[in-house]
Amino acid sequence: MAIAKAERLMNLALCLLGTRRPLSKRELRGSIEAYIEAFGPGNAVAFGPGNAVASAADVAPDGSDAVPSPRTAGNGSDDAFNRMFERDKEDLRELGLIIETVEGVDGETGYLARRDSNRLPPITLDVEESAALGLAAKVWQQARLASAASGALQKLRAAGMPLAEDAYEGGALETRIPVHEAAFEPLMLAARDRRTVVFDYRKANAARPEQRHVEPWTLECWRGHWYLAGWDRDREAERVFRLSRITGRVRSRALPFTAPVPDHVTVRETVESWAGETATGTALIKVRAGHGYPLRAKALSRRDLGDGWDELEIPYGHGLDAWLVEFGPDVVVLEPDDLRADVLDRLRAVAEG
């Protein structure tokens, strides 16, 4: 009798959680009963063109997994096993299991799921905190993240998180984080799985994109724009990339990371600094009355100039010129001169198309 897929996934999860060293596909194939039943133990089976299991053996008519019958299991198939294993591995990751991929000294790839990375601490949330998480789970418009957020809530509730009534249900305001960039999902998955990525990136002052090889750390949203922080393998330095400037398709590579991944707080500070949050001085700008409220919120001082204009002193750091351009004719830079020149250059570039 064929072993159910749920039992196969459970056995695979237990193998990955129970090992102290990475296990190769070959070892997992010879350790899990469902794989042995379907394809044989691997080394004990002679593989060749005449021994391949038919493709219908590992995919049922309804598209779900099916296990080959014992009559064909003795023949085995590397390709069929690899397809099933990759599906099983992705299914476990979708369920929340953190599976690490490790390159062995012999060049063989191994897999393991560390217990400390897959163990939830005791749930100590109160009802108000539970309600806040419920609201946060509704933020995502992107389909994959909406599903992941819903699944995360279910797991927290199963672990003892108290249920809370949704105080925002049917309200006039609804929080949303838009994700329009096609690069977001492949980069999110690559950062989660610790896979190196390759993409074409066009800098703000460049006419053509350049290919970048990056070890992705995390994605951060700042002022409505998404940024990727990671290690640029070609430049051997940390870099921050704005997702809207990534052109073409993001391609992942099964290459190990060469640089240590910093903690999340450090990465977020890097993104904020790169995008202009960290100030190194101050700037004076004119803002039309009734406009530029985000700038007014950052202002260190304000003076009424008359004629419908206000003078603001605001923190000045990397990236401020790009932000000021977004306000168009409602903002005029008074000083410093280099900031004024940068803003004018950007405006001319926009005007020229």
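Biologist: Of the 20 residues in the largest nonpolar core, which touch the most other members?

Modeller: Quick caveats before we dig in. This is a predicted model, so local features need pLDDT of at least 70 and side-chain atom pairs count only at pLDDT 80 or more, while totals for chains, interfaces and linings use all residues. Residues are numbered from 1 along each chain as its sequence is written, and side-chain values use heavy atoms, leaving out hydrogens and water.

Now, your core. Leu12, Leu16, Tyr35, Phe39, Phe85 and Leu92 touch the most other members. By nonpolar core I mean a set of buried Ala, Val, Leu, Ile, Met, Phe, Trp, Tyr and Cys residues joined through side-chain atoms within 4.5 Å. Buried is under 20% relative accessible area, exposed is over 50%, and partly exposed sits in between (1.4 Å probe, protein chains only). In soluble globular proteins, nonpolar side chains tend to be buried together.

Where do the residues come from? The helices here are DSSP runs of H or I, at least four residues long, numbered from the N terminus.

Take tyrosine 35 as an example. Setting aside its neighbours within four places in sequence, Tyr35 is in contact with Arg8, Leu12, Leu28, Arg29, Gly40, Phe81, Met84, Phe85 and Asp88; contact means heavy atoms within 4.5 Å.

Apart from it lies another one, of 17 residues, including Ala183, Trp226, Phe241 and Leu243.

Back to the helices. Two packed helices are described by the angle between their axes and the distance between the axes. For α1 and α5, the angle is about 75 degrees and the axes are 10 Å apart. That makes α1 roughly perpendicular to α5, a label for angles of 65 to 115 degrees, whereas under 35 is roughly parallel, over 145 roughly antiparallel and the rest oblique. The axes are lines fitted to C-alpha atoms over the stretch in contact, with angles running from 0 to 180 degrees between N-to-C directions. On the α1 side, the contact is made by Lys5, Arg8, Leu9, Leu12, Ala13 and Leu16. From α5 come Met84, Phe85, Asp88, Lys89, Asp91 and Leu92.

Zooming out, buried residues make up 35% of the 353 residues in the chain. Among contacts with a separation of 6 or more, 59% join residues 24 or more positions apart.

Notes. Helices (H or I, at least four residues) and strands (E, at least two) are DSSP runs, numbered from the N terminus.
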